[in-house]
Amino acid sequence: MRVGLLTGGGDVPGLNAAIRAVVKHGEGEHGHSIVGFRNGWKGVVDGDVQPMTRQHIRNVLQVGGTLLGTARYHPHAADGGLDAVLATLEAERIEALICIGGDGTLHAASKVAEAGVRIVAIPKTIDNDVWGTDASIGFDTAVTIATEAIDRIHTTAESHNRVMVVEVMGRHAGWIAAASGIAGGAELVLAPEAPFDIDRIERFLKHRHRAHASFSIVVVAEGAVPAEGTSMSYETQVGKFGEIVAGAVGERLKSEIEQRTGFDTRVTVLGHVQRGGTPTAADRILGSRFGVAAIDAITRGETGVMTALRGDRVELVPLGEIAGKVKHVPDELLQVARALA
Ligand code: F6P
């Protein structure tokens, strides 16, 4: 069988492990030919293909990014996009497609599947907000990087008696903020799931610095917002694909804290550092498991489904079930962050 493969949306560490698994298991075990599309759905629309054989996947497990390139492009939202996808698949004699992506790519995958294409999807996003799976490729690496950054910020915060605001990624969900905040021992974790009250933050920091500490670390997800009716008004700034303008909420919070408390305050925006470089073992393993499961599912004739981690098992969930949903951080995890402030 000729199987198409693409990675869409923001890159994450661990994508190459999934690509490698699809190619190695697909070619070696099932005898499929794997055809890579460059730069996500854009490559399918443009017919930008690249053969993917075992020689293309040597020594890639430890390499970040994606061998195939990626783009934020959604064919169902572009004029003639879906028709162009179908035309390329026919011209390339592609019988099935494996799409690795986050919410945007998965939504496109469900639209293309509805048009009659056999599709199995694999979830990836450092934000960890894809519904229906306990974990997505890239999250573990991002948390590891953010935790290390917080550890490093700790020592300089303490030396200078400063408040350090650390902005991490997380548009709709604060998984990275909650996980790295707990692992790094942050005083405050601000996530989109729990809009914050700047007056309470001010009181908390003043009390802490008066009573027993000279420094504090505040981890804020880029999508965090103040609670309605509180004394700070702020509108999240977004780019053309809905991505949040990096640093905006962190900078604003830094000024508010400095103004209100008088404490010397700095902001660090971790940004794309969280998405780059070597994947952790956990992301390599997750990518490998999803890759094997996806090519096995395609071979069995499954379609319109996504590989998902449920407990310690990899299962398949219908794409229709996850569409339009966001997996939010449970209050229990945020409570742990609060309890350890
Ligand atoms: O969706 C993953 C993500 O890393 C978000 O956390 C972030 O808002 C966005 O991508 C950044 O997108 P870009 O790389 O296009 O700036």
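These legends describe close-up views of a predicted model. Residues are numbered from 1 along each chain as its sequence is written, side-chain values use heavy atoms, and hydrogens and water are left out. Because the model is predicted, local features need pLDDT of at least 70 and side-chain atom pairs count only at pLDDT 80 or more, while totals for chains, interfaces and linings use all residues.

**View 1. Two domains of the protein chain.** Domain 1 covers 2-138 + 279-322, and domain 2 covers 142-274. The bounds come from an automatic or database domain assignment. Their centres, taken over C-alpha atoms, are separated by 34 Å. Domain 1 gives eight residues to the contact and domain 2 gives 11 residues (contact: heavy atoms within 4.5 Å).

**View 2. The interface of domain 1 and domain 2.** The two domains bury about 920 Å² between them, with 54% of it on carbon and sulfur atoms. Buried area is the accessible area (1.4 Å probe) that two parts lose on being put together, summed over both. Arg 72, Ile 126 and Asp 127 supply 58% of the area that domain 1 buries against domain 2, more than any other three residues.

**View 3. The open sheet of seven strands.** The order is β3-β2-β1-β4-β5-β10-β11, with mixed pairing. Strands (E, at least two residues) and helices (H or I, at least four) are DSSP runs, numbered from the N terminus. Two strands pair if DSSP finds at least two bridges between them. β3 and β11 (313-318) are the edge strands, and each pairs on one side only. β2 (residues 33-37) and β3 pair in the antiparallel sense over four bridges. Here Ile 34 stands opposite Met 52 in β3. Helix α1 (residues 15-28) packs on the sheet and touches β1 (2-7), β2, β3 and β4 (96-101).

**View 4. The open sheet of four strands.** Its order is β7-β8-β6-β9, and the pairing is parallel. β7 (188-190) and β9 (265-269) each have a single partner strand, so one side of each is left without a neighbour in the sheet. Three bridges join β7 to β8 (residues 216-221). Leu 188 stands opposite Val 218 in β8.

**View 5. Thr 66 and its contacts.** Thr 66 sits in the loop between β3 (49-52) and α3 (81-91). Its relative accessible area is 16%, so Thr 66 is buried (under 20% relative accessible area, 1.4 Å probe, protein chains only). Thr 66 touches Thr 7, Asp 11, Leu 15, Asn 16 and Ile 19, not counting residues up to four places away in sequence.

Notes: Buried means under 20% relative accessible area, exposed over 50%, partly exposed in between (1.4 Å probe, protein chains only). Axes are lines fitted to C-alpha atoms, for helices over the stretch in contact, and angles run from 0 to 180 degrees between N-to-C directions.
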